Amino acid sequence: MATEAPTMRRTPLYDRHTELGAKMVFFAGYEMPIQYEGIVAEHRAVRGLVGLFDLSHMGEFFFKGRGAGATLDRLVSSDVAGLDVGQARYGLLTNDRGTIVDDVIVYRISDGEYMVVVNAANIAKDRAHVLAHLGEDAAFDDRSFGTALVAIQGPRALEVLSSQTDADVRSLPSFGVTQGRVAGARATLARTGYTGEDGFEVFVANADAARVWDALLAAGSASGIKPIGLGARDTLRLEARFSLYGNDIDETTDPIEAGLGWTCKLDKEFTGRDVIAAKKADGPKRKIAGLVIQGGVARHGHEVTHAGEVVGHVTSGTYGPTVDKNIALAYVPTPLSKVGTALGVRIRGKDVPATVVKTPFYRRPE
């Protein structure tokens with residue numbers, strides 16, 4: 001029986017990507033650039049200079065009203081109630097089973113308004129989850145398909161962005177958020193990112209995306225700016241040990257085994273709180289562990305072995321250009337998750353030696 005092909009969306013910056021010669025791929029319902037010059041070159045540009053990302057596929061949910069903060073505090077695992085205006089916080093949407101619906105960032109825009117950024121592939125699912133738990137004194141507005149997101153990341157991100165905005169981004173702290181104009185366009189600016197480097201995310205209306213993208217690329221030309229695709233975004237986030245929803249976390253994983261227990265404020269009520277607290281008290285049967293592989297590149301789904309027996313699976317794996325090592329994340333039995341444990345990763349039928357290491361694999365120099 002024939003099935004309808006999935007709808008292919010394009011971000012407001014699609015034409016810019018094709019003009020720059022990007023290799024385009026289907027990702028989370030969008031036709032997105034996976035690379036321009038090459039993954040390694042783009043990765044190194046972000047670590048050493050500055051890179052520009054189109055993240056307009058991500059979802060943006062807005063909450064307004066007297067009960068907006070309380071509603072989000074019940075929905076999200078982290079301390080939303082403790083956010084001041086101008087602050088953001090990473091957290092999880094969890095379900096009644098205590099597993100992960102999505103990982104999100106909550107931004108407090110003003111006294112009565114919050115923005116929550118969700119993963120592109122989860123927009124519809126997250127919307128349904130939110131609406132099922134929405135309080136009567138909070139209004140919900142999904143602006144995902146009308147909002148563009150341009151991220152500028154790397155050691156020179158601040159100097160480039162500050163030349164194009166009237167916002168005081170120099171004094172903006174990490175996980176701070178403010179309002180202003182970028183290239184003349186009204187924008188929400190946040191000092192957040194997914195690369196392990198200092199950087200900013202700029203939220204604008206779709207109609208203003210190309211203007212902002214062009215202005216930042218032009219302003220960054222003397223600083224070595226490069227457009228960055230999803231390929232380098234993945235290698236950058238894995239070196240920094242940031243979880244990828246759908247690979248490292250999903251609705252089969254809980255925050256404790258995923259190494260995200262620190263996001264769960266267990267002295268408040270939120271969906272799945274009691275189950276998560278019990279899992280923390282009992283201790284997880286498995287844990288996600290960082291691996292360095294000697295002699296091969298691990299990929300999602302590869303089997304992890306110990307003494308010839310399969311004991312787990314790789315969730316993310318790549319070559320890390322900055323650390324110059326083959327790195328991976330994998331769920332393994334808790335006793336085998338200790339740093340220094342010798343394991344194997346089965347690559348093309350061969351058990352390649354791997355060692356459990358401390359993560360993040362890369363940490364930005366102070």
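Q: Buried means under 20% relative accessible area, exposed over 50%, and partly exposed in between, with a 1.4 Å probe and protein chains only. Why is Ala218 called exposed?
A: Ala218 has a relative accessible area of 52%, so Ala218 counts as exposed. This residue is found in helix H6, residues 209-219. Helices (H or I, at least four residues) and strands (E, at least two) are DSSP runs numbered from the N terminus. The C-alpha atoms of Ala218 and Val160 are 9.3 Å apart in space, although 58 residues separate the two in sequence.

The model is predicted, with local features needing pLDDT of at least 70 and side-chain atom pairs pLDDT 80 or more, while totals for chains, interfaces and linings use all residues. Residues are numbered from 1 along each chain as its sequence is written, and side-chain values use heavy atoms, without hydrogens and water.

Q: What makes Lys338 exposed?
A: Lys338 has a relative accessible area of 62%, and therefore Lys338 is classed as exposed. Lys338 lies in the loop between S17 and strand S18 (342-347). From Lys338 to Tyr114 there are 224 residues in sequence and 39 Å in space, C-alpha to C-alpha.

Q: Why is Ala28 called partly exposed?
A: The relative accessibility of Ala28 is 27%, so Ala28 is counted as partly exposed. Ala28 sits in the loop between strand S1 (23-27) and strand S2 (30-35). Its phi is near 50 degrees, a positive value in a residue other than glycine.

Q: Why is Arg241 called buried?
A: With a relative accessible area of 14%, Arg241 is under the limit and is therefore buried. Arg241 follows H7 and is placed in the loop between H7 and H8. Phi of Arg241 is near 65 degrees, which is positive in a residue other than glycine.

Q: How do you know that H7 is mostly covered?
A: Nine of the 10 residues of H7 are buried. They are Leu230, Gly231, Ala232, Arg233, Thr235, Leu236, Arg237, Leu238 and Glu239.

Q: Why is H2 described as oblique to H7?
A: The axes of helix H2 (residues 39-48) and helix H7 (residues 230-239) cross at roughly 55 degrees and come within 8 Å. Angles under 35 degrees count as roughly parallel, over 145 as roughly antiparallel, 65 to 115 as roughly perpendicular and the rest as oblique. The angle therefore makes H2 oblique to H7. Here axes are lines fitted to C-alpha atoms, for helices over the stretch in contact, with angles from 0 to 180 degrees between N-to-C directions.

Q: Which residues make the contact between H2 and H7?
A: On H2 they are Ile39, Glu42, His43, Val46 and Arg47, and on H7 they are Gly231, Ala232, Thr235, Leu236 and Glu239. Contact means heavy atoms within 4.5 Å. Beyond H7, the buried residues of H2 pack against S2, strand S3 (51-54), S9 and strand S13 (226-228). The buried residues themselves are Glu42, His43, Ala45, Val46 and Arg47.

Q: How do you know that H3 is mostly covered?
A: Six of the eight residues of helix H3 (residues 68-75) are buried. These are Ala68, Gly69, Thr71, Leu72, Asp73 and Leu75. They pack against strand S4 (59-64), S5, S6, S7 and helix H4 (123-132).

Q: What makes a set of residues a nonpolar core?
A: A nonpolar core is a set of buried Ala, Val, Leu, Ile, Met, Phe, Trp, Tyr and Cys residues joined through side-chain atoms within 4.5 Å. The largest one has 41 residues, and those with the most contacts inside it are Phe53, Ile100, Tyr107, Met115, Ile249 and Leu260. Among the elements giving two or more residues to this core are strand S5 (88-94), strand S6 (100-110), strand S7 (113-118) and H7. S6 gives the most, with four residues. A second, separate core of 29 residues includes Leu158, Val182, Phe200 and Val212.

Q: Which residues does Ile249 contact, leaving aside its neighbours within four places in sequence?
A: Ile249 is in contact with Ile100, Asp103, Ser243, Leu244, Ala258, Leu260 and Tyr331.

Q: Where is Pro360 found?
A: Pro360 is in the segment after strand S19 (350-357).
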